[in-house]
Amino acid sequence: MQRSAISVRGLSVSYGSTPVLVDVNLTVVEGAGVCITGENGIGKSTLLRCISSLQSPDAGEIEVFGGPPGSTPEFWRAVATTVEPPTWYPGLTAREHAELVCRAHGVDAEESGVDEALERFGLASHADAIPPSLSSGQKQRLTLALILLRPSKLLILDEPEQRLDPDGRATVAAMIAEYLAGGGSVLMASHDDAFSSAAGMSPISMTDLHPVQA
Ligand SMILES: Nc1ncnc2c1ncn2[C@@H]1O[C@H](COP(=O)(O)OP(=O)(O)OP(=O)(O)O)[C@@H](O)[C@H]1O
């Protein structure tokens, strides 16, 4: 039997008196790539935030690799997410951020291919720049390069294609496809069907998870 990377049962979230998620169910089996689609405001980010443990639901159960999200160091070792925007360390360059991420996760920066990752994401000539000086698309490229440099078993990505030009989208789609081919699991939200399909993701509409509309 296939094991679940993510299992969501009966998830409900309201903001004040407005229900946003009502009895949502979702399973992502290990090794699968699932892309949540749906109109603005339908609740995709809310769902990803709950699964990333960054928000508590009003009702329902979430399991990530068989346990509650966010409660253990093992969760954060297994799960890499861009649901929260990154914090940049003052005075550290893009390359130093990449080296720091590798070091924090116990992997050798050279073996992990920091320079290759910066090159692949079109950031080689910005490796010695501090992230706040980068354009919004370059910051997004760096955020994704950092996520993909560190070891993980599950990526949770909220519209990773945002702010990327066509080349950037193609690079990120290829890297997600490689991550899946290497046995990783991916859950993302996206408005770009071509990007999602190039990344090898299976689309699922929020309305199918969410039969009762707010
Ligand atoms: N902190 C909050 N307080 C109140 N309402 C919120 C909050 N966060 C989200 N909402 C509302 O919940 C609904 C779902 O928002 P959410 O960001 O989850 O949607 P989404 O599907 O990710 O949208 P988009 O495609 O625009 O990113 C929206 O109507 C939004 O206004």
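This is a predicted model: local features need pLDDT of at least 70, side-chain atom pairs count only at pLDDT 80 or more; totals for chains, interfaces and linings use all residues.
Residues are numbered from 1 along each chain as its sequence is written.

**Ground rules for helices and strands**
- Helices (H or I, at least four residues) and strands (E, at least two) are DSSP runs, numbered from the N terminus.
- Axes are lines fitted to C-alpha atoms, for helices over the stretch in contact, and angles run from 0 to 180 degrees between N-to-C directions.

**Helix 6 with helix 7**
- The crossing of this pair, helix 6 and helix 7, is left-handed (the near helix is turned anticlockwise from the far one by less than a right angle; clockwise would be right-handed).
- On the helix 6 side you'll find Gly137, Arg141, Leu144 and Leu148, and they meet Gly168, Val172, Met175 and Tyr179 in helix 7 (contact means C-beta atoms, placed from the backbone, within 7 Å).
- Sort the residues of this contact and you get five nonpolar, two polar and one charged (Ala, Val, Leu, Ile, Met, Phe, Trp, Tyr, Cys and Pro count as nonpolar, Asp, Glu, Lys and Arg as charged, and the others, Gly among them, as polar).

**Helix 6 with helix 3**
- Helix 3 (residues 94-104) packs with helix 6 at an angle of about 25 degrees, their axes 9 Å apart.
- Helix 3 and helix 6 are therefore roughly parallel to each other, and their crossing is right-handed.
- Ala94, His97, Ala98, Val101 and Cys102 of helix 3 make this contact with Leu142, Ala145, Leu146 and Leu149 of helix 6.

**The core**
- The largest nonpolar core has 55 residues, and Ile51, Ala98, Ala145, Leu149 and Ile156 touch the most other members (a core is a set of buried Ala, Val, Leu, Ile, Met, Phe, Trp, Tyr and Cys residues joined through C-beta atoms within 7 Å).
- Helix 6 gives the most to this core, with seven residues.
- Leaving out residues up to four places away in sequence, Ile51 touches Ile6, Val8, Ile62, Val64, Pro69, Ile156 and Leu187.
- Val64 sits in strand 4 (residues 59-64) and counts as buried because it has 27 C-beta neighbours inside 10 Å (buried takes 20 or more other C-beta atoms within 10 Å, exposed 12 or fewer, and partly exposed is in between, with C-beta atoms placed from the backbone).
- Beyond four places away in sequence, the contacts of Val64 include Ala5, Phe75, Val79 and Leu154.

**Loops to look at**
- Ala32 lies in the loop between strand 2 (18-29) and strand 3 (33-37), and its 19 C-beta neighbours inside 10 Å make it partly exposed.
- Not counting residues up to four places away in sequence, Ala32 touches Ser185 and Ser202.
- Most residues other than glycine have a negative phi.
- Glu159 has a positive phi of about 50 degrees although it is not a glycine, and it is found in the loop between strand 6 (154-158) and helix 7.
- Arg163 lies in the loop between strand 6 and helix 7, with a positive phi of about 70 degrees.
- Arg163 is partly exposed, with 15 other C-beta atoms within 10 Å.

Methods
Two residues are in contact if their C-beta atoms, placed from the backbone, lie within 7 Å. Angles under 35 degrees count as roughly parallel, over 145 as roughly antiparallel, 65 to 115 as roughly perpendicular and the rest as oblique.
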